[in-house]
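Here is a short tour of one protein model, written for someone who likes to know the cut-offs behind each term. Have the viewer open while you read.

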Amino acid sequence: MAGVGKTRIALRTAALLRDGFADGAWLVSLSPLAEGSALPYAIAESLPLADQSSRPVTEVLADYLAERQLLLVLDTCEHVTAACAEVVEALLAAAPRLRVLATSRRPLGCADERVFTVEPLPVPEGYDDWCDDDAVALLADRAAATVPGFVVDDGNRRALLRVCRRLEGLPLAIELAAARLREVTPERLAERLEDRFEELGTTEHQVYDADPPWHQALRTAIGWSHQLCTPAERLLWARASVFAGGIDPVAVKQVCADERLPAWQIPQLLESLADKSILVWEPTGAGDRYRMLDTIREFGAIWLKDLGQDERVRRRHRDYYLALAREGDVSWIGPDQYQWYDRMTAELGNLRAALQFCLARPEGRTALELAGALWFLWYPCGFPAEGRHYMERALAQDPEPGPARNKVMWACSLAMVCQGEGAAARELAEECAAEADRQGDLEAALMARCAIMCASIILGDLERTIEVGDEVIPRADGSIYVFPMLLGLTAYGMARTMTGRFEEGIATLERLRALCDRHGERWQRAYGDVLRAQAELACGRAARALRFAQAGLEVKWRLHDRVGMAMAIDLLAPAAVATGEGERAARMLGLADQVWDTVGKQHFGAPELIAARKDCESRVRGVLGDRAYDSAFRLGRDADLDAEVSYALGGQARR
């Protein structure tokens, strides 16, 4: 049942079992998902997996898990049980050492499923025979956290037991009741709860059509907590239920405030709801955030619908995140790139909810506008597969030509490039370029041609990249659009380097670096630094190559760009062996192997990259010998990732 503590039990179980799984235990929270199609992306995001291929995400997950011994915890499955069952059965079939622990109000219906029903905490029979793991112990613990100096004594023992009996040992109900002890005595709390039971009778809401009615104890505790809130608190509770995955106070002001709920009241109301255990306060480095437990949010969502405000508030939620995406679109090329990365990845649950709302309720061109404005989340921030999923849906839903559609076309093309789909990416980019030229949409015309350059590189058509670059770079240089210039220079410099024209490539990449520095841009500059390291290494300047590779790695590490990290580390190894540091080179090869493993396919399966890796390994083995090489390689392969990246950036060796 709801509120019985399934999530806490699952987390505790995973913590106890984690060391018995060679590849650990991983939590996937499903409560923010509005539809089952997002499930595979949520699982992939929760794992240390950065596969950017175009294969179905479930297939990517199956390949990743196939050889691993891992515990996967799927929390809150009841609203996506069909999708969970399908994905879980596919993963278990592919991964014999995978185990899945799911929390749900109903079984998934999988063939090998074993159901464990979680009962409420036991309530002692007598006043003196409770123990550390029963309902009274939980109430006493939560009361002590709420009321300084609270202790169980002969004066309150009987009342505490009455409360637990009335709430039938249900943990969430007990925690909500304990929050009231700041205002009333245990005796008065017991009396009011008994009165509440009489008032409620059998009135109830059902959360899902197939669920049995809410347990009366939980209904009593939530309903009473709701009744004891002020009208403003109740209204904010209902309106804040539209948030998925996390609640930012700034967003709450924009989404929930109006003449009935003034914005200046919001901060105090949030604190008050947290004090009443309706919200959970979660401080972060970027400021306060809150979250709402699933059962509490469901009650608020029902109340919001009863008020007739559900659609209006959800539209305001959509509009807020559309405005946020537009702001990020404009600001990404600038000095606040790290902050934008942190902010948008923290808001991923809400962005998904807004996109799903747009797709479910087509109004204007909001689905295209939101999906296109988030290009920087899909491409630089490392979510190309999920971005492509939403962008292709938006394109199929709205075929009318225009700037919004052009933007999604070139953004989708770049996502395809990240996934190695060169032919499809170039075809879509060429279609976009033709449409943009016809409409006079200069930015889209430039970006589409940049996408053509990138797609041509992975297709091995370097001359086409150079040919298009000769057109794009002069046009972009004289325009107000910075990103096409940055991307065009990157692709152009890479093509020049790959065709052996190293000094020309270096000159292009130096121009890229200067332009990035002028705008405070980091992500594109880091790729330029990695490419520059490759060119410097080819010219025999290993020390310079090392510095550029480290500069690129530092940025890619901060932005969690696993592909960029792997590419940079791949260059640190030959740079180290060229400067006579054989052991360091072997460790870098081990570290690169570790990072590539999270991408899903070593070196994208590209023959040139694989050949370069084998050549470097052969040279390092020749310097160190097999035994010393294997020891240093394992050190990099098995070490803590953050610690080993710190070493790669020039830190002290860790043994």
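## Terms and ground rules

Contact here means heavy atoms within 4.5 Å. Helices (H or I, at least four residues) and strands (E, at least two) are DSSP runs, numbered from the N terminus. Axes are lines fitted to C-alpha atoms, for helices over the stretch in contact, and angles run from 0 to 180 degrees between N-to-C directions.

This is a predicted model, in which local features need pLDDT of at least 70 and side-chain atom pairs count only at pLDDT 80 or more, while totals for chains, interfaces and linings use all residues. Residues are numbered from 1 along each chain as its sequence is written, and side-chain values use heavy atoms, with hydrogens and water left out.

Let's begin with the open sheet, whose three strands come in the order E1-E2-E3 with parallel pairing; two strands pair if DSSP finds at least two bridges between them. Strand E1 (25-29) and strand E3 (98-103) are the edge strands, each with a single partner, so one side of each has no neighbour in the sheet. On average, neighbouring strands of this sheet are turned by 20° against each other, direction ignored.

Strand E2 (residues 70-75) runs parallel to E3 and is joined to E3 by six bridges. Within this pairing, Val73 has Leu101 of E3 as its bridge partner.

## Salt bridges between separate parts

How many salt bridges does a search of the whole structure find? The search finds 51, where a salt bridge is a side-chain nitrogen of Lys or Arg within 4 Å of a carboxyl oxygen of Asp or Glu. One of them pairs Arg326 with Glu369, at 2.8 Å from N to O. Arg326 belongs to helix H14 (residues 310-331) and Glu369 to helix H17 (residues 366-373), so this pair ties together parts 43 residues apart in sequence. Arg326 is partly exposed at 42% relative accessibility, and Glu369 is also partly exposed, at 28% (buried means under 20% relative accessible area, exposed over 50%, partly exposed in between, with a 1.4 Å probe and protein chains only).

Arg558 and Asp342 form another salt bridge, at 2.6 Å from N to O. Here the partners sit in helix H27 (residues 542-558) and helix H15 (residues 337-346), so the pair ties together parts that are 216 residues apart in sequence. Arg558 is partly exposed at 30%, as is Asp342 at 33%.

## A loop-to-loop bridge and a network

Asp398 and Arg365 also form a salt bridge, their closest N and O atoms being 2.8 Å apart. Asp398 is in the loop between helix H19 (384-397) and helix H20 (403-418), whereas Arg365 is in the loop between helix H16 (348-360) and H17, 33 residues apart. Is Asp398 buried or exposed? Asp398 is buried, with a relative accessible area of 13%.

Salt bridges with shared partners also join Glu311, Arg315, Arg318, Asp319, Arg361 and Glu363 into one network.

## Arg289 and its surroundings

Arg289 is part of strand E5 (residues 287-291) and counts as buried, at 13% relative accessibility. Its side chain makes a polar contact of 3.2 Å with that of Glu347. A polar contact is a pair of N or O atoms within 3.5 Å; within protein, one must be able to donate a hydrogen and the other to accept it, and residues adjacent in sequence count only if both atoms are side-chain atoms.

Leaving aside residues up to four places away in sequence, Arg289 touches several others, including Asp248, Trp281, Glu282 and Asn350.
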